Amino acid sequence: MVKVQWYPGHMEKARREMTEKLKAVDMIIEVRDARIPAASTNPMLNQMAQGKPRLIILSKTDMADPVMTEKWEKALRSDTCECMALDVLNDPRCKKKIVAASLQLMEERRQKQRARGIKPRAVRAMAAGIPNVGKSTMINRVAGRKSAKTEDRPGVTRSLTWIHADPDLELLDTPGVLWPKFDDEKTGSLLAALGSINDNILDRKMIAMDTIRIVQELYPGLLEGIYESGEVNPNGMLKAICSRRGLVLAGGEADTKRAADLFLHELRKGRLGKLTLEKPDDETEENMSE
Ligand SMILES: Nc1nc2c(ncn2[C@@H]2O[C@H](COP(=O)(O)OP(=O)(O)OP(=O)(O)O)[C@@H](O)[C@H]2O)c(=O)[nH]1
Ligand SMILES: [Mg+2]
């Protein structure tokens with residue numbers, strides 16, 4: 001697997017500002033990509049959040065494997081953590097669900113305030129997560145207007161901004177933040193494959209090959225069917241893409257670099273089907289003991 005890392009100065013700056021702002025925050029809304037629910041969590045966030053109630057939103061569920069999404073939702077839920085999978089872009093019930101879940105997580109404290117005759121103020125939640133998972137899109141959905149800038153590339157949001165999204169919920173938009181060293185190379189490859197790492201610094205052919213291997217393992221036969229290839233290794237798959245899509249260099253040689261870009265593009269846009277590239281731990285263990 002190829003080794004990737006992306007931790008530019010603006011992320012370290014954002015991390016510091018987020019730590020500072022957390023004092024004024026009641027809870028965290030952590031947005032993760034439903035297609036990679038483990039790789040898309042930032043371990044630094046756990047240290048920063050220090051036991052604040054958390055709502056995990058698995059975004060982009062419209063492109064994830066529904067069976068796996070349900071398993072992940074269950075696996076990630078705990079006493080202090082609610083988890084919901086959402087198509088943040090299209091689900092019309094987004095706002096209602098997110099506001100209700102946030103109020104629910106803060107209910108105990110709000111109840112105590114009411115008992116003391118205090119009218120609870122709006123819940124203040126920090127939207128946090130790695131780049132390009134849909135934090136700003138989620139905020140816009142709750143606000144019902146385009147308050148935060150969104151774009152399909154990592155590193156769009158650059159400053160921390162409070163948005164009065166709902167009378168009951170104020171949301172702090174934050175820049176996507178990664179961490180200085182990924183635990184393993186697979187995490188880096190998955191983050192790169194789904195567009196959370198700046199493409200310009202990547203060896204995209206290596207990323208594509210790593211990802212082809214992962215997809216072949218989890219969804220045997222899928223790519224072979226789509227690209228009409230036999231059972232081939234990742235480089236063979238890139239060559240099959242070249243011949244299906246007519247990607248040839250001047251000398252007639254297969255243009256595997258372009259095939260890699262095309263593959264990553266189709267994967268990111270969900271055109272290869274609803275795929276989830278990681279299984280919850282217990283699933284993996286089950287498989288191992290079989
Ligand atoms: N299909 C689909 N696309 C989504 C969903 N949520 C977000 N997107 C898209 O993902 C891209 C990134 O969304 P943003 O809201 O800018 O992501 P972000 O987490 O704020 O990114 P940074 O500010 O760069 O950290 C945009 O092109 C969105 O339209 C979703 O649930 N489904
Ligand atoms: Mg953003």
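Mentor: Before we start, a salt bridge here means a side-chain nitrogen of Lys or Arg within 4 Å of a carboxyl oxygen of Asp or Glu. Residues count from 1 along each chain as its sequence is written, while chains are lettered from A and ligands numbered from 1 in the order in which they are written. This is a predicted model, so local features need pLDDT of at least 70, side-chain atom pairs need pLDDT 80 or more, totals for chains, interfaces and linings use all residues, and side-chain values use heavy atoms, with hydrogens and water left out.

Trainee: Okay, how many salt bridges does the structure hold?

Mentor: Side chains of opposite charge can pair when their charged atoms come close. Going by the cut-off I just gave, the structure's salt bridges number 23.

Trainee: Take Glu107 and Arg114: are they buried or exposed, or something in between?

Mentor: Their side chains meet in a salt bridge at 3.3 Å, N to O. Buried means under 20% relative accessible area, exposed over 50%, and partly exposed in between (1.4 Å probe, protein chains only). Glu107 has 25% and Arg114 has 39%, so both come out as partly exposed.

Trainee: And Glu30 with Arg32, buried or exposed?

Mentor: That pair forms a salt bridge too, with the closest N and O atoms 3.2 Å apart. Glu30 and Arg32 are both buried.

Trainee: How many residues apart in sequence are the parts that Arg268 and Asp199 tie together?

Mentor: The two side chains meet in a salt bridge, 2.9 Å from N to O. Arg268 sits in helix 11 (residues 256–268) and Asp199 in the loop between helix 7 (185–193) and helix 8 (204–218). Helices (H or I, at least four residues) and strands (E, at least two) are DSSP runs, numbered from the N terminus. The parts tied together are therefore separated in sequence by 69 residues.

Trainee: Where do Ser136 and Thr157 lie?

Mentor: Both count as buried, Ser136 at 7% relative accessibility and Thr157 at 13%. The pair ties together parts 21 residues apart in sequence, because Ser136 lies in helix 6 (residues 135–143) and Thr157 in the loop between helix 6 and strand 5 (161–166).

Trainee: What share of ligand 1's 660 Å² does the protein bury?

Mentor: Look at the polar contacts (pairs of N or O atoms within 3.5 Å). An oxygen atom of ligand 1 is 2.8 Å from an N or O atom in the side chain of Thr157. The 660 Å² is what ligand 1 exposes alone (Shrake-Rupley method, 1.4 Å probe); of that, the protein buries 92%.

Trainee: What kind of pair do the rings of Trp179 and Phe182 make?

Mentor: Rings of Phe, Tyr and Trp (its six-membered ring) pair if their centres lie within 6.5 Å; planes under 30 degrees apart are stacked, over 60 edge-to-face and the rest tilted. The count comes to one aromatic pair. Its centres are 5.0 Å apart and its planes at 80°, so the pair is edge-to-face.

Technical notes: Polar contact = N/O pair within 3.5 Å; in protein donor to acceptor, adjacent residues only side chain to side chain.
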